[in-house]
Amino acid sequence: DDSMRGRHLGSLEGAKARDYLAARFDALGIATIAPGRLHRVPVIPAPRNNNVDHAFNVIGVVRGTVQPEQYIVITAHYDHVGIGRVVDGDSLYNGADDNASGAAALVTLARHFQQARPRHSIVFAAVDGEERGMPGSRGFVDAPTVPLGQILVNVNLDMIGRNAKGEVYAAGPGKYPQLRPLVEATAACSPVTTLLGHDTPAAGPGNDWTNQSDQGSFHRKGIPFVYFGVEDHPDYHKPSDTPERLMPGFYVGVVRTVADFVRRFDETPVARTPATP
(Lines give C-alpha, C1' and ligand atoms only; values in the text may rest on other atoms or scores of the structure.)
Protein backbone atom coordinates (compact mmCIF):
# COMPACT_ATOMS: atom_id res chain seq x y z
CA ASP A 1 0.00 0.00 0.00
CA ASP A 2 1.13 3.58 -0.60
CA SER A 3 0.97 4.20 3.15
CA MET A 4 3.87 1.76 3.61
CA ARG A 5 6.15 4.03 1.54
CA GLY A 6 8.19 1.19 0.10
CA ARG A 7 9.25 -0.49 3.38
CA HIS A 8 12.84 0.75 3.22
CA LEU A 9 15.36 -0.79 5.63
CA GLY A 10 15.28 1.17 8.87
CA SER A 11 12.05 3.05 8.11
CA LEU A 12 8.99 3.29 10.33
CA GLU A 13 7.02 1.60 7.58
CA GLY A 14 9.52 -1.26 7.48
CA ALA A 15 8.96 -1.66 11.21
CA LYS A 16 5.20 -1.71 10.61
CA ALA A 17 5.63 -4.54 8.09
CA ARG A 18 7.83 -6.39 10.57
CA ASP A 19 5.30 -6.02 13.38
CA TYR A 20 2.45 -7.08 11.10
CA LEU A 21 4.25 -10.30 10.17
CA ALA A 22 5.09 -10.97 13.82
CA ALA A 23 1.43 -10.49 14.77
CA ARG A 24 0.33 -12.89 12.04
CA PHE A 25 2.74 -15.57 13.28
CA ASP A 26 1.50 -14.99 16.83
CA ALA A 27 -2.14 -15.24 15.77
CA LEU A 28 -1.45 -18.54 13.99
CA GLY A 29 0.25 -19.95 17.06
CA ILE A 30 3.58 -20.44 15.29
CA ALA A 31 6.25 -21.27 17.86
CA THR A 32 9.31 -19.10 18.46
CA ILE A 33 13.03 -19.81 18.60
CA ALA A 34 15.23 -18.09 21.17
CA PRO A 35 15.57 -15.15 21.59
CA GLY A 36 11.93 -14.83 20.52
CA ARG A 37 9.82 -13.72 17.59
CA LEU A 38 12.17 -10.90 16.52
CA HIS A 39 15.86 -11.60 15.93
CA ARG A 40 18.14 -8.57 15.79
CA VAL A 41 20.90 -8.66 13.18
CA PRO A 42 23.69 -6.16 12.52
CA VAL A 43 23.69 -3.66 9.66
CA ILE A 44 26.66 -1.58 8.53
CA PRO A 45 25.44 2.02 9.00
CA ALA A 46 25.30 4.00 5.77
CA PRO A 47 23.24 6.94 4.51
CA ARG A 48 21.40 4.73 2.05
CA ASN A 49 20.47 2.47 4.99
CA ASN A 50 19.11 5.39 7.04
CA ASN A 51 22.29 5.01 9.14
CA VAL A 52 20.67 2.20 11.13
CA ASP A 53 23.01 -0.33 12.71
CA HIS A 54 20.54 -3.19 13.06
CA ALA A 55 17.56 -4.86 11.47
CA PHE A 56 15.10 -7.50 12.60
CA ASN A 57 14.14 -10.86 11.19
CA VAL A 58 10.74 -12.29 12.08
CA ILE A 59 11.17 -15.96 12.94
CA GLY A 60 8.77 -18.82 13.57
CA VAL A 61 9.07 -22.60 13.64
CA VAL A 62 6.79 -25.56 13.20
CA ARG A 63 8.38 -28.48 15.00
CA GLY A 64 8.79 -31.74 13.12
CA THR A 65 6.99 -34.87 14.26
CA VAL A 66 9.80 -37.32 13.42
CA GLN A 67 13.11 -35.44 13.15
CA PRO A 68 12.58 -32.14 14.95
CA GLU A 69 16.32 -31.40 15.15
CA GLN A 70 16.67 -31.22 11.37
CA TYR A 71 15.41 -28.12 9.63
CA ILE A 72 13.99 -26.81 6.39
CA VAL A 73 14.33 -23.01 6.36
CA ILE A 74 11.88 -21.01 4.25
CA THR A 75 12.81 -17.37 3.72
CA ALA A 76 11.32 -14.27 2.13
CA HIS A 77 12.40 -10.66 2.53
CA TYR A 78 9.83 -8.08 3.60
CA ASP A 79 11.72 -4.86 2.81
CA HIS A 80 11.76 -2.91 -0.45
CA VAL A 81 13.56 0.18 -1.77
CA GLY A 82 11.36 2.94 -0.32
CA ILE A 83 11.15 6.32 -2.03
CA GLY A 84 13.31 6.73 -5.11
CA ARG A 85 13.76 8.25 -8.55
CA VAL A 86 10.59 9.68 -10.06
CA VAL A 87 9.14 7.52 -12.84
CA ASP A 88 6.03 8.78 -14.65
CA GLY A 89 5.35 11.20 -11.82
CA ASP A 90 5.61 8.61 -9.04
CA SER A 91 8.50 8.13 -6.61
CA LEU A 92 6.93 5.60 -4.22
CA TYR A 93 8.20 2.08 -4.84
CA ASN A 94 5.46 -0.21 -3.50
CA GLY A 95 7.23 -3.54 -3.98
CA ALA A 96 4.03 -5.58 -4.27
CA ASP A 97 5.73 -8.43 -6.12
CA ASP A 98 9.16 -7.60 -4.71
CA ASN A 99 8.64 -8.92 -2.16
CA ALA A 100 5.29 -8.55 -0.47
CA SER A 101 4.31 -11.57 -2.57
CA GLY A 102 6.99 -13.74 -0.94
CA ALA A 103 6.36 -12.43 2.58
CA ALA A 104 2.60 -13.06 2.35
CA ALA A 105 3.28 -16.55 0.98
CA LEU A 106 5.57 -17.22 3.93
CA VAL A 107 2.69 -16.62 6.35
CA THR A 108 0.37 -18.82 4.29
CA LEU A 109 2.93 -21.65 4.25
CA ALA A 110 3.38 -21.34 8.01
CA ARG A 111 -0.37 -21.70 8.48
CA HIS A 112 -0.46 -24.69 6.11
CA PHE A 113 2.32 -26.61 7.80
CA GLN A 114 1.00 -25.76 11.25
CA GLN A 115 -2.03 -27.81 10.20
CA ALA A 116 -0.27 -30.44 8.03
CA ARG A 117 2.56 -31.12 10.44
CA PRO A 118 5.91 -31.93 8.78
CA ARG A 119 8.32 -34.71 9.71
CA HIS A 120 11.23 -32.24 9.93
CA SER A 121 11.07 -28.86 11.63
CA ILE A 122 10.40 -25.91 9.35
CA VAL A 123 11.73 -22.45 10.18
CA PHE A 124 9.86 -19.54 8.62
CA ALA A 125 12.09 -16.46 8.40
CA ALA A 126 10.86 -13.10 7.14
CA VAL A 127 14.21 -11.40 6.64
CA ASP A 128 15.02 -7.70 6.42
CA GLY A 129 17.31 -5.72 4.15
CA GLU A 130 17.56 -7.91 1.05
CA GLU A 131 17.54 -4.77 -1.06
CA ARG A 132 20.46 -3.37 0.96
CA GLY A 133 23.05 -6.12 1.04
CA MET A 134 20.99 -8.91 2.66
CA PRO A 135 21.84 -8.23 6.33
CA GLY A 136 18.80 -10.24 7.41
CA SER A 137 19.78 -13.53 5.81
CA ARG A 138 23.47 -12.91 6.43
CA GLY A 139 22.72 -12.38 10.11
CA PHE A 140 20.63 -15.54 10.19
CA VAL A 141 23.49 -17.74 9.01
CA ASP A 142 26.34 -15.85 10.70
CA ALA A 143 24.76 -16.12 14.16
CA PRO A 144 22.44 -19.08 13.71
CA THR A 145 19.79 -19.93 16.24
CA VAL A 146 19.62 -23.46 14.85
CA PRO A 147 22.85 -25.32 13.98
CA LEU A 148 23.84 -24.75 10.36
CA GLY A 149 24.81 -28.40 10.07
CA GLN A 150 21.22 -29.36 10.81
CA ILE A 151 19.70 -27.17 8.08
CA LEU A 152 18.90 -29.50 5.19
CA VAL A 153 17.77 -26.93 2.63
CA ASN A 154 16.80 -23.29 2.19
CA VAL A 155 13.69 -22.48 0.18
CA ASN A 156 13.66 -18.78 -0.73
CA LEU A 157 10.69 -16.87 -2.17
CA ASP A 158 11.33 -13.59 -3.96
CA MET A 159 8.92 -12.24 -6.61
CA ILE A 160 6.34 -14.95 -7.12
CA GLY A 161 3.19 -12.92 -7.79
CA ARG A 162 3.06 -12.39 -11.55
CA ASN A 163 4.43 -13.49 -14.90
CA ALA A 164 2.91 -12.81 -18.30
CA LYS A 165 3.86 -16.29 -19.53
CA GLY A 166 2.72 -18.06 -16.39
CA GLU A 167 6.27 -19.19 -15.60
CA VAL A 168 8.15 -19.44 -12.33
CA TYR A 169 11.74 -20.63 -11.98
CA ALA A 170 13.05 -23.02 -9.37
CA ALA A 171 16.76 -22.20 -9.24
CA GLY A 172 19.20 -24.29 -7.25
CA PRO A 173 19.46 -27.79 -8.76
CA GLY A 174 22.15 -26.50 -11.11
CA LYS A 175 24.32 -25.96 -8.04
CA TYR A 176 22.94 -28.89 -6.02
CA PRO A 177 22.05 -31.66 -8.51
CA GLN A 178 20.72 -33.91 -5.75
CA LEU A 179 17.69 -31.61 -5.62
CA ARG A 180 16.84 -32.03 -9.30
CA PRO A 181 14.60 -35.15 -9.01
CA LEU A 182 12.44 -33.54 -6.32
CA VAL A 183 12.16 -30.26 -8.22
CA GLU A 184 11.33 -32.05 -11.48
CA ALA A 185 8.66 -34.14 -9.75
CA THR A 186 7.21 -30.96 -8.27
CA ALA A 187 7.26 -29.21 -11.65
CA ALA A 188 5.45 -32.13 -13.29
CA CYS A 189 2.48 -31.63 -10.94
CA SER A 190 2.58 -27.85 -10.72
CA PRO A 191 -0.50 -25.79 -11.65
CA VAL A 192 1.89 -23.23 -13.19
CA THR A 193 4.81 -23.69 -15.58
CA THR A 194 7.76 -24.40 -13.28
CA LEU A 195 11.14 -24.26 -14.96
CA LEU A 196 14.64 -25.10 -13.79
CA GLY A 197 17.52 -22.73 -14.50
CA HIS A 198 19.12 -19.41 -13.64
CA ASP A 199 21.54 -21.20 -11.34
CA THR A 200 24.76 -21.78 -13.30
CA PRO A 201 27.27 -19.55 -15.12
CA ALA A 202 25.90 -20.99 -18.36
CA ALA A 203 22.82 -18.83 -17.82
CA GLY A 204 24.94 -15.89 -18.96
CA PRO A 205 26.04 -12.63 -17.33
CA GLY A 206 23.57 -11.47 -14.73
CA ASN A 207 21.32 -14.50 -15.21
CA ASP A 208 22.80 -16.77 -12.54
CA TRP A 209 20.55 -15.90 -9.62
CA THR A 210 22.55 -17.83 -7.02
CA ASN A 211 23.68 -14.76 -5.10
CA GLN A 212 20.99 -12.30 -6.18
CA SER A 213 18.63 -12.92 -3.29
CA ASP A 214 18.73 -14.32 0.23
CA GLN A 215 19.48 -17.89 -0.85
CA GLY A 216 23.01 -16.63 -1.54
CA SER A 217 23.66 -16.28 2.19
CA PHE A 218 22.82 -19.96 2.71
CA HIS A 219 24.77 -21.04 -0.37
CA ARG A 220 27.89 -19.34 0.98
CA LYS A 221 27.61 -21.61 4.02
CA GLY A 222 27.25 -24.70 1.85
CA ILE A 223 23.52 -25.10 2.48
CA PRO A 224 21.55 -26.30 -0.58
CA PHE A 225 18.77 -24.04 -1.79
CA VAL A 226 15.81 -23.81 -4.10
CA TYR A 227 14.87 -20.27 -5.04
CA PHE A 228 11.38 -19.71 -6.45
CA GLY A 229 11.02 -16.51 -8.43
CA VAL A 230 9.99 -15.03 -11.75
CA GLU A 231 12.13 -13.31 -14.33
CA ASP A 232 12.17 -9.51 -14.12
CA HIS A 233 8.97 -7.92 -15.41
CA PRO A 234 8.49 -4.35 -16.71
CA ASP A 235 7.65 -3.07 -13.20
CA TYR A 236 10.68 -4.56 -11.45
CA HIS A 237 12.14 -1.92 -9.09
CA LYS A 238 9.72 0.69 -10.36
CA PRO A 239 6.89 2.58 -8.63
CA SER A 240 4.49 0.61 -10.84
CA ASP A 241 5.10 -2.65 -8.90
CA THR A 242 1.66 -2.26 -7.31
CA PRO A 243 -0.88 -4.77 -5.94
CA GLU A 244 -3.37 -4.51 -8.79
CA ARG A 245 -0.70 -5.79 -11.20
CA LEU A 246 -0.33 -9.08 -9.37
CA MET A 247 -1.91 -12.18 -10.95
CA PRO A 248 -3.90 -13.96 -8.21
CA GLY A 249 -4.41 -17.25 -10.06
CA PHE A 250 -0.74 -17.53 -10.94
CA TYR A 251 0.29 -16.45 -7.44
CA VAL A 252 -1.81 -19.13 -5.74
CA GLY A 253 -0.42 -21.70 -8.17
CA VAL A 254 3.15 -20.79 -7.25
CA VAL A 255 2.46 -20.97 -3.52
CA ARG A 256 0.87 -24.40 -3.97
CA THR A 257 3.94 -25.45 -5.94
CA VAL A 258 6.27 -24.32 -3.16
CA ALA A 259 4.17 -26.15 -0.57
CA ASP A 260 4.33 -29.30 -2.71
CA PHE A 261 8.11 -29.10 -3.02
CA VAL A 262 8.52 -28.63 0.73
CA ARG A 263 6.21 -31.60 1.35
CA ARG A 264 8.17 -33.79 -1.06
CA PHE A 265 11.50 -32.78 0.48
CA ASP A 266 10.14 -33.34 3.99
CA GLU A 267 9.03 -36.84 3.07
CA THR A 268 12.21 -37.76 1.17
CA PRO A 269 15.06 -35.43 2.17
CA VAL A 270 18.29 -35.60 0.21
CA ALA A 271 21.74 -35.50 1.74
CA ARG A 272 23.75 -32.30 1.73
CA THR A 273 26.64 -32.41 -0.73
CA PRO A 274 29.02 -29.65 -1.86
CA ALA A 275 27.80 -27.36 -4.60
CA THR A 276 29.00 -27.76 -8.15
CA PRO A 277 30.98 -24.80 -9.53
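## Overall architecture

Of the 277 residues of the chain, 56% count as buried, meaning under 20% relative accessible area with a 1.4 Å probe and protein chains only. This is a predicted model in which local features need pLDDT of at least 70 and side-chain atom pairs count only at pLDDT 80 or more, while totals for chains, interfaces and linings use all residues. Residues are numbered from 1 along each chain as its sequence is written, and side-chain values use heavy atoms, with hydrogens and water left out.

The chain contains 6 helices and 10 strands, taken as DSSP runs (helices H or I, at least four residues; strands E, at least two) numbered from the N terminus. Its radius of gyration is 17 Å, close to the 19 Å of the globule rule for 277 residues, so the chain is as compact as a globular protein of that length. That radius is taken over C-alpha atoms, and the rule is 2.2 Å times the number of residues to the power 0.38.

## The sheet

Strands β8 (residues 167-171) and β10 (residues 225-229) run antiparallel and are joined by 3 bridges. Within this pair, A171 stands opposite Y227 in β10.

## Helix packing

Technical notes:
Pairing = 2+ DSSP bridges. Buried < 20%, exposed > 50% of the residue type's maximum accessible area, 1.4 Å probe, protein only.
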